[in-house]
Amino acid sequence: MVAATNFFRVDHLSVQIYKSEADMAQDVAAIVRKYLQSLLEEKKTAAVLLATGNSQLKFLDALIALGGIDWSRITLFHLDEYLGITADHPASFRRYMQERVEKRVFPQQFHYIEGDTLEPLAECDRYTKLLQAQPIDLCCLGVGENGHLAFNDPSVANFQDPYSVKLVKLDPVNRQQQVNTGQFPHLDSVPQYAFTVTLPLICSAKKIFCLAPEQRKAQIVKQMLQGSISKTCPASVLRQQPQATLFLDINSANLLSS
């Protein structure tokens, strides 16, 4: 097990920093395995909410490689999906989860947001009911370069959102990030709208593990931890969550003042 090189707390949020993204991924995987194992000793099933994105890749691979988790007793959900994208589209989050998680661990169920639905508002309602059918034991997610959690961009983030799932218009920074990370060839190809699980639903999870490695996240990590808690940086809401931990590598933490 690889230990973090630095631990501290910002308001209620625990923060751990590692020498590398690989070390971070290995340690978070071990922490998640231990947590899920303990949960399944106490109850029959667990519910986990997962994120997509490059920040999750090494962690998910490490978690699956560790083994020791009875995935047949775990129900999985994902945080978001583009409106109008089919499940086999290269940038589909359903495809990401099917290839990188579901086909490798065979969970009890994996509930997906149907991005190509003909009735988007009905899909929000359907997915809301699935999420609310049981408590979410764990949410693993990342931080966008504009501070978003899931697709809760600054322009649509609401710390007291009355909805659990909603349809939102993506802001230009978010859409450009999808191009920069290779999900789409150019900005015009990125959908303008997407489904997202909202901030109150994310914050209702019993445990929240947020992974934010890489230099490109350094500026938003600084704002998240050292700026105000506000929707200008939606991820700052995690500073109000004592059940949350933020995991960084030395690159994403290098702008933090001591």
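Reader: Which residue lies over the face of tyrosine 96?
Author: This is a predicted model, so the contact is a computed one. A charge counts as over a ring within 6 Å of the ring centre and within 35 degrees of the ring normal. The distance from the ring centre of tyrosine 96 is 4.4 Å. The residue is arginine 100.

Reader: Which ring has the charged end of lysine 207 over it?
Author: The cut-off is again 6 Å from the ring centre. The charged end of lysine 207 sits 5.9 Å from the centre of its ring. That ring belongs to tyrosine 35.

Reader: How many aromatic pairs are there?
Author: Ring centres must lie within 6.5 Å to pair. By this rule the count is eight.
One of them joins tyrosine 82 and phenylalanine 151, at 5.4 Å centre to centre and 50° between the planes, and is tilted. The total stays at eight aromatic pairs.

Reader: How many residues apart in sequence are the parts that the pair of tyrosine 82 and phenylalanine 151 ties together?
Author: Tyrosine 82 lies in strand 5, residues 80–82. Phenylalanine 151 lies in the loop between strand 7 and strand 8 (165–169). The pair therefore ties together parts separated in sequence by 69 residues.

Reader: Is tyrosine 82 buried or exposed?
Author: Buried means under 20% relative accessible area. Tyrosine 82 has 0% relative accessibility. Tyrosine 82 therefore counts as buried.

Reader: What kind of aromatic pair do tyrosine 82 and phenylalanine 184 form?
Author: Their centres are 5.2 Å apart, with 85° between the planes. Planes over 60 degrees apart meet the cut-off for this class. The pair is edge-to-face.

Reader: Where does phenylalanine 184 lie?
Author: Its partner, tyrosine 82, is in strand 5. The pair ties together parts 102 residues apart in sequence, so phenylalanine 184 belongs to another element: the loop between helix 5 (172–180) and strand 9 (193–197).

Reader: Which residues do ring pairs link into a cluster?
Author: Tyrosine 82 pairs with phenylalanine 151. Tyrosine 82 also pairs with phenylalanine 184. The cluster is Tyr82, Phe93, Phe151 and Phe184.

Reader: What is the volume of the largest cavity?
Author: The search of the whole structure finds two cavities of 30 Å³ or more. The lining of the largest cavity has seven nonpolar, eleven polar and three charged residues. Its volume is about 300 Å³.

Methods:
Residues are numbered from 1 along each chain as its sequence is written. This is a predicted model: local features need pLDDT of at least 70, side-chain atom pairs count only at pLDDT 80 or more; totals for chains, interfaces and linings use all residues. Side-chain values use heavy atoms; hydrogens and water are left out. On a 1 Å grid over the protein atoms alone, a cavity is a set of points where a 1.4 Å probe fits but cannot get out, and a pocket is an open set with protein on both sides within 12 Å along at least five of seven lines; lining residues have an atom within 4 Å of a point. Grid points are joined across faces, edges and corners, and a volume is the space filled by probe spheres set on the points. Ala, Val, Leu, Ile, Met, Phe, Trp, Tyr, Cys and Pro count as nonpolar, Asp, Glu, Lys and Arg as charged, and the others, Gly among them, as polar. Rings of Phe, Tyr and Trp (its six-membered ring) pair if their centres lie within 6.5 Å; planes under 30 degrees apart count as stacked, over 60 as edge-to-face and the rest as tilted. Helices (H or I, at least four residues) and strands (E, at least two) are DSSP runs, numbered from the N terminus. Buried means under 20% relative accessible area, exposed over 50%, partly exposed in between (1.4 Å probe, protein chains only).
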